Amino acid sequence: DNRSVIVKSPSENNSNQELINNRFNIECEMLSSLNHRSLPKFVEKLKFEGRDYLILEYVDGSTLADIMRSRGKLDFNSAKSVVAEICDVLEYLHDKSIIHRDISPKNIIISSFSKLKIIDFGVATLASSDDRTKSGYKTGTWKYSSKSQRSGAMADCSFDVYSVGII
């Protein structure tokens with residue numbers, strides 16, 4: 001198989017190692033259950049020499065953050081198209097009770113074919129879980145996080161919707 005992939009593993013030797021490993025396992029479980037054109041495809045989770053790895057489809061393109069930095073604001077039609085696709089993905093995720101919690105331009109990749117992919121489920125959670133922001137552990141990109149998310153409220157869809165509005 002000649003497809004390009006990315007390999008992700010949890011950081012090691014961290015004071016919050018248990019939390020990091022737990023989030024990594026949640027991310028793997030979530031991604032393995034998802035199938036949407038605007039999400040990277042899950043390939044597999046594996047263990048090698050005692051360390052866990054997540055293998056995902058490689059998404060070739062530029063982040064929305066890089067595009068906005070180099071070109072400035074998007075024109076109206078481009079912005080409308082990007083926001084519509086983000087909302088379509090979020091509807092899919094929210095229907096599965098998944099809250100991304102880090103919708104921001106750095107986590108949106110746009111390919112040369114104008115295909116959009118939302119990446120980085122490292123802080124995603126299920127709406128049904130009481131996975132509040134732990135003291136000293138950041139979830140999401142501050143600039144794109146709602147006041148309730150920053151204050152440690154229980155995660156819900158409004159976190160992601162607020163982030164889209166800021167984008």
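Two strands are taken as paired if DSSP finds at least two bridges between them, and strands (E, at least two residues) and helices (H or I, at least four) are DSSP runs numbered from the N terminus. On this basis, three strands form an open sheet in the order 1-3-2, with antiparallel pairing. Strand 1 (5–8) and strand 2 (42–48) stand at the edges with a single partner strand each, so one side of each has no neighbour in the sheet. From one strand to the next, the twist averages 20°, where axes are lines fitted to C-alpha atoms, for helices over the stretch in contact, and angles run from 0 to 180 degrees between N-to-C directions.

The structure is a predicted model, in which local features need pLDDT of at least 70 and side-chain atom pairs count only at pLDDT 80 or more, while totals for chains, interfaces and linings use all residues. Residues are numbered from 1 along each chain as its sequence is written, and side-chain values use heavy atoms, with hydrogens and water left out.

Strand 2 and strand 3 (residues 51–57) run antiparallel and are joined by six bridges. Phe 42 is placed opposite Leu 56 of strand 3, and Lys 45 has Leu 54 in strand 3 as its bridge partner. Leu 54 is also the bridge partner of Lys 8; strand 1 and strand 3 pair in the antiparallel sense over four bridges. The hairpin of strand 2 and strand 3 has two residues between the strands, and Glu 49 takes a positive phi near 50° there.

Of the seven residues of strand 3, five are buried, so the strand is largely enclosed by the rest of the structure; buried denotes under 20% relative accessible area, exposed over 50%, and partly exposed in between (1.4 Å probe, protein chains only).

The largest pocket holds about 200 Å³ of space. A pocket is an open set of points on a 1 Å grid over the protein atoms alone where a 1.4 Å probe fits, with protein on both sides within 12 Å along at least five of seven lines; lining residues have an atom within 4 Å of a point. The volume is the space filled by probe spheres set on the points. Helix 2 (64–71) and helix 3 (76–95) are the elements that give two or more residues to the lining of the largest pocket. Helix 3 gives the most, with four residues. The lining includes Arg 71, Ser 78, Glu 85 and Ile 110.
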